Amino acid sequence: MERRVLVAYDDSAQSTEALEFALEEFADATLVVLTIVDPAEANTRRAFSMPTFASEWYEEAREEAEDRLAEATELATAVGVDVETAVEVGRPSKTIVEYAREHDCDHIVTGSHGRSGVSRILLGSVAETVVRRSPVPVTVVR
């Protein structure tokens, strides 16, 4: 049975490193590149005072997510690896873990980032939560 490896991708430098790692280390597996539309980001872009804001925000966020996945697909194609892509809506850490569980993924690859605070020195909050809650092994790429 072929392995399914989920790669969390948001086009940050860390997630790009994670994707490159997965393309090299898991080239023989089915790679699924997941990007997430986080509704919490809507608050940072505009106020919710406009009646159509939610749908406008979602459409814009969805297009940006598709663009990110196109970039990820180009990276994979450049090294001769085919990838599946997916866009989900939700809180990133929870959505990554749920997607891995619901889609029979055998492994998760995610990037890390530095944050302040003792508990965040080595892992970003999303990566830390994924590691703690994942039903499958997780590789965190620095």
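Colleague: What should I keep in mind about the numbering and the model?

Modeller: Residues are numbered from 1 along each chain as its sequence is written. The model is predicted, with local features needing pLDDT of at least 70 and side-chain atom pairs pLDDT 80 or more, while totals for chains, interfaces and linings use all residues, and side-chain values use heavy atoms, leaving out hydrogens and water.

Colleague: Happy with that. How many salt bridges are there?

Modeller: The general idea first: side chains of opposite charge can pair when their charged atoms come close. The rule asks for a side-chain nitrogen of Lys or Arg within 4 Å of a carboxyl oxygen of Asp or Glu. By this rule the count is 4 salt bridges. One of them joins Arg-4 and Glu-84, at 3.4 Å from N to O.

Colleague: Where in the chain do Arg-4 and Glu-84 lie?

Modeller: Helices (H or I, at least four residues) and strands (E, at least two) are DSSP runs, numbered from the N terminus. Arg-4 is in strand β1 (residues 4–8) and Glu-84 in strand β3 (residues 83–89), so this pair links distant parts of the chain, 80 residues apart. Glu-84 is partly exposed, at 36% relative accessible area. On that scale, buried means under 20%, exposed over 50%, and partly exposed in between (1.4 Å probe, protein chains only).

Colleague: Which residue does Glu-66 pair with?

Modeller: Glu-66 forms a salt bridge with Arg-62, and their closest N and O atoms are 3.5 Å apart. Both belong to helix α3 (residues 53–78), 4 residues apart, or about one turn of the helix. Glu-66 is partly exposed at 36%, and Arg-62 is partly exposed at 28%.

Colleague: And in the salt bridge of Arg-132 with Glu-128, is Glu-128 buried or exposed?

Modeller: Glu-128 is buried, with a relative accessible area of 9%, whereas Arg-132 is exposed at 65%. Their side chains meet at 2.8 Å, N to O. Both are in helix α5, 4 residues apart, which means about one helical turn between them.

Colleague: Staying with α5, how do I read its packing with α4?

Modeller: Start with the axes, which are lines fitted to C-alpha atoms, for helices over the stretch in contact, with angles from 0 to 180 degrees between N-to-C directions. The axes of α4 (residues 92–102) and α5 (residues 125–133) come within 8 Å and cross at roughly 35°. Next, look for contacts, meaning heavy atoms within 4.5 Å. Pro-92, Ser-93, Ile-96, Val-97 and Arg-101 of α4 meet Val-126, Thr-129, Val-130 and Arg-133 of α5.

Colleague: What surrounds Thr-35?

Modeller: Thr-35 sits in strand β2 (residues 30–37) and is buried, at 1% relative accessibility. Setting aside residues up to four places away in sequence, Thr-35 touches several residues, including Tyr-9, Ala-65, Leu-69 and Val-87. A polar contact is a pair of N or O atoms within 3.5 Å; within protein, one must be able to donate a hydrogen and the other to accept it, and residues adjacent in sequence count only if both atoms are side-chain atoms. The side chain of Thr-35 makes such a contact with that of Arg-68, at 2.9 Å.

Colleague: Last one: what is the phi of Asp-11?

Modeller: Phi of Asp-11 is near 65°, a positive value in a residue other than glycine. Asp-11 lies in the loop between β1 and α1 (13–25) and is partly exposed at 38%. Asp-104, also not a glycine, has a positive phi of about 50°. Asp-104 is in the loop between α4 and β4 (107–111) and is exposed, at 58%.
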